[in-house]
Amino acid sequence: MNKAATLELKGKKILIVDDCSPLNEVISKFCRLWGAEACLAVNADEMVKKSREEHPDLILLHLHTAGMANFDKCREVKLAHKPDVAILLTSSDHFELKNAVFKEPELFDDYLPKPYHINQFYEKA
């Protein structure tokens, strides 16, 4: 593990928004290993609530999370925290993922196609 990169994540807050609980737990464990604090949300409403409470530095957001149909919740989060929060969008549908980031560049800072290796997430974070 790159020590310099670990220092960059140390003390950061990462909000993981995905309805896949096992994946959330794995990512959370790695975040803690890297010195970051992880918090979880399973839908768009919970993302908004947790972002207000936790003030994350990064949101790892699955594109097909419940309540994400039109990205209004992302706009709400970005308006409340901009430019302090980065949103990293994930999905297994690579075309849809790239399309969302292309169409909404002000909302999404980057994307990470699923499946991904934990090191790929680490590099994007």
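The accessible surface of the protein chain comes to about 6,900 Å², and carbon and sulfur atoms account for 54% of that area. The coordinates belong to a predicted model, and every value that follows is computed from it. In overall dimensions, the C-alpha atoms fill a box of roughly 40 × 30 × 25 Å when this is taken along the principal axes. The radius of gyration is 13 Å, which agrees with the value near 14 Å that a compact globule of 125 residues would have. Of these 125 residues, buried ones make up 42%. As for charge, the chain carries 17 positive and 20 negative side chains, and the centres of the two sets lie 4 Å apart.

The secondary structure consists of 6 helices and 5 strands, and reading along the sequence gives the pattern α-β-α-β-α-β-α-β-α-β-α. Contacts also link parts of the chain that are separated in sequence: among those between residues at least 6 apart, 62% join residues at least 24 apart.

In soluble globular proteins, nonpolar side chains tend to be buried together. Here the largest nonpolar core has 22 residues, and those with the most contacts inside it are Met47, Ile59, Leu61, Phe71, Cys74, Leu89 and Phe108. Two or more residues of this core come from each of the strands β1 (13-17), β2 (37-41), β3 (58-62) and β4 (86-91), and likewise from each of the helices α3 (44-54), α4 (72-81) and α5 (94-103). A second, separate core holds 15 residues, including Leu9, Leu88, Leu112 and Phe121.

Aspartate 109 lies in the loop between α5 and β5 (110-113), and it counts as partly exposed because its relative accessibility is 47%, a value between the 20% and 50% cut-offs. Beyond its neighbours within four places in sequence, aspartate 109 is in contact with Lys78, Val85, Ala86 and Ile87. The C-alpha atom of aspartate 109 is separated by 18 Å from that of asparagine 119, which is 10 residues away along the chain.

Asparagine 24, a residue of helix α2 (residues 21-33), is buried, because its relative accessible area is 2%, which is under the 20% limit. When residues up to four places away in sequence are not counted, asparagine 24 touches Ile16, Asp18, Leu40 and Ala41.

Definitions and conventions. Residues are numbered from 1 along each chain as its sequence is written. This is a predicted model: local features need pLDDT of at least 70, side-chain atom pairs count only at pLDDT 80 or more; totals for chains, interfaces and linings use all residues. Side-chain values use heavy atoms; hydrogens and water are left out. Helices (H or I, at least four residues) and strands (E, at least two) are DSSP runs, numbered from the N terminus. Buried means under 20% relative accessible area, exposed over 50%, partly exposed in between (1.4 Å probe, protein chains only). Contact means heavy atoms within 4.5 Å. A nonpolar core is a set of buried Ala, Val, Leu, Ile, Met, Phe, Trp, Tyr and Cys residues joined through side-chain atoms within 4.5 Å. The radius of gyration is taken over C-alpha atoms; the globule rule is 2.2 Å times the number of residues to the power 0.38. Accessible areas come from the Shrake-Rupley method with a 1.4 Å probe; for residues, only the protein chains shown count as cover. Lys and Arg count as positive and Asp and Glu as negative; His and the chain ends are not counted. The place of a charge is taken as NZ of Lys, CZ of Arg, CG of Asp or CD of Glu.
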